Amino acid sequence: SLPPATIVPILVGQVNARTEAQYGRMLAPFLEEAGNFFVISSDFCHWGAQFGYTRTGSPSLAKTYRDGPHPDNARIEGLDREGMAFIESQDARGFREYLQRDGNTICGRHPILVLLEALAACRSRSPLSVDFVKYAQSSAMPGMPPPTTASVSYACAYCKPILVGGR
């Protein structure tokens with residue numbers, strides 16, 4: 001059985017890059033401390049006429065929906081995968097530039113950036129990796145029409161220590 005845990009919710013609103021970095025520095029020691037578990041929650045792209053956002057990315061980046069069910073699924077995933085690559089590489093600046101350039105409607109962009117800033121501020125000898133393990137879109141559910149009206153993307157990632165020398 002797992003030990004008891006205390007949940008500490010932190011709400012991150014529409015903050016600027018300096019505040020994201022400040023929060024990241026404040027949270028970094030807790031991120032490094034054994035026994036702490038962080039959950040950063042966000043959906044990804046809100047796409048389609050309903051959301052007023054229809055920019056797409058390269059379908060060649062798609063992994064989950066490379067073959068559909070609709071051609072737009074791969075293009076939406078390409079857009080999301082570009083942002084996910086910045087998160088996996090822990091590149092806060094690149095992620096900010098991506099958001100500015102493409103305007104992807106990732107609701108949790110600020111909590112994600114706080115995490116990226118916390119990872120950058122970590123001083124431990126054991127660096128952390130960020131790995132995405134699941135990606136899905138609401139418009140790709142069985143029986144759903146093409147995503148021209150609306151599609152919401154979801155991505156799941158986790159951070160883990162990078163073990164050096166098998167330790």
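Modeller: Start with Glu20, which sits in helix 1 (residues 17-32). Helices here are DSSP runs of H or I with at least four residues, strands are runs of E with at least two, and both are numbered from the N terminus. This is a predicted model, with residues numbered from 1 along each chain as its sequence is written. Local features need pLDDT of at least 70, side-chain atom pairs count only at pLDDT 80 or more, totals for chains, interfaces and linings use all residues, and side-chain values use heavy atoms, with hydrogens and water left out.

Confidence comes next. pLDDT is the predictor's confidence in each residue, from 0 to 100. The chain averages 90, and 96% of the residues score at least 70. Confidence is lowest in strand 3 (residues 151-161), at a mean of 91, and highest in helix 3, at 97. Where pLDDT is low, predicted coordinates should not be read in detail.

Back to Glu20. Its relative accessibility is 2%, so Glu20 counts as buried. Buried means under 20% relative accessible area, exposed means over 50%, and partly exposed is in between, using a 1.4 Å probe and protein chains only. Glu20 is in contact with Val15, Arg96, His110, Leu113, Val114 and Glu117, leaving aside neighbours within four places in sequence. Contact means heavy atoms within 4.5 Å. One of these partners also makes a polar contact: the side chains of Glu20 and Arg96 meet at 2.7 Å. A polar contact is a pair of N or O atoms within 3.5 Å; within protein, one must be able to donate a hydrogen and the other to accept it, and residues adjacent in sequence count only if both atoms are side-chain atoms.

Now helix 2 (residues 71-88). Its 18 residues should span 26 Å at 1.5 Å a residue, and the end C-alpha atoms are 26 Å apart, so the two agree. The expected span is 1.5 Å times one less than the number of residues. The buried residues of helix 2 include Ile76, Leu79, Asp80, Met84 and Ile87. The buried residues of this helix pack against strand 1, helix 3, helix 4, strand 2 and strand 3. Glu88 also lies in helix 2. Glu88 is partly exposed, because its relative accessible area is 35%. Its contacts are Val130, Asp131 and Phe132, again leaving aside neighbours within four places in sequence. Just after the helix, Gln90 takes a positive phi of about 60°.

Next, the aromatic rings. Rings of Phe, Tyr and Trp (its six-membered ring) pair if their centres lie within 6.5 Å; planes under 30 degrees apart count as stacked, over 60 as edge-to-face and the rest as tilted. The count by this rule is 4 aromatic pairs. Phe44 and Phe132 have ring centres 6.3 Å apart and planes at 90°, so this pair is edge-to-face. The pair links distant parts of the chain: Phe44 is in strand 1 (residues 43-47), Phe132 is in strand 2 (residues 128-137), and they are 88 residues apart. Phe44 is buried at a relative accessible area of 2%, and Phe132 is buried at 17%. Phe95 and Tyr98 have centres 6.0 Å apart and planes at 25°, so they are stacked. Both lie in helix 3, 3 residues apart, about one turn of the helix. Phe95 is buried, with a relative accessible area of 0%. Tyr98 is buried, also with 0%. Phe86, Phe95 and Tyr98 form one aromatic cluster.

Asn104 lies in the loop between helix 3 (92-102) and helix 4 (109-121). Asn104 is buried, with a relative accessible area of 3%.

Last, the nonpolar core. Such a core is a set of buried Ala, Val, Leu, Ile, Met, Phe, Trp, Tyr and Cys residues joined through side-chain atoms within 4.5 Å. The largest one has 27 residues, and those touching the most other members are Phe44, Ile87, Phe95, Ile106, Ile112, Leu116 and Leu119. At least two residues each come from strand 1, helix 2, helix 3, helix 4 and strand 2. Helix 4 gives the largest share, 6 residues. Ile112 touches Ile40, Ser42, Phe44, Ile87, Phe95 and Ile106, not counting residues up to four places away in sequence.
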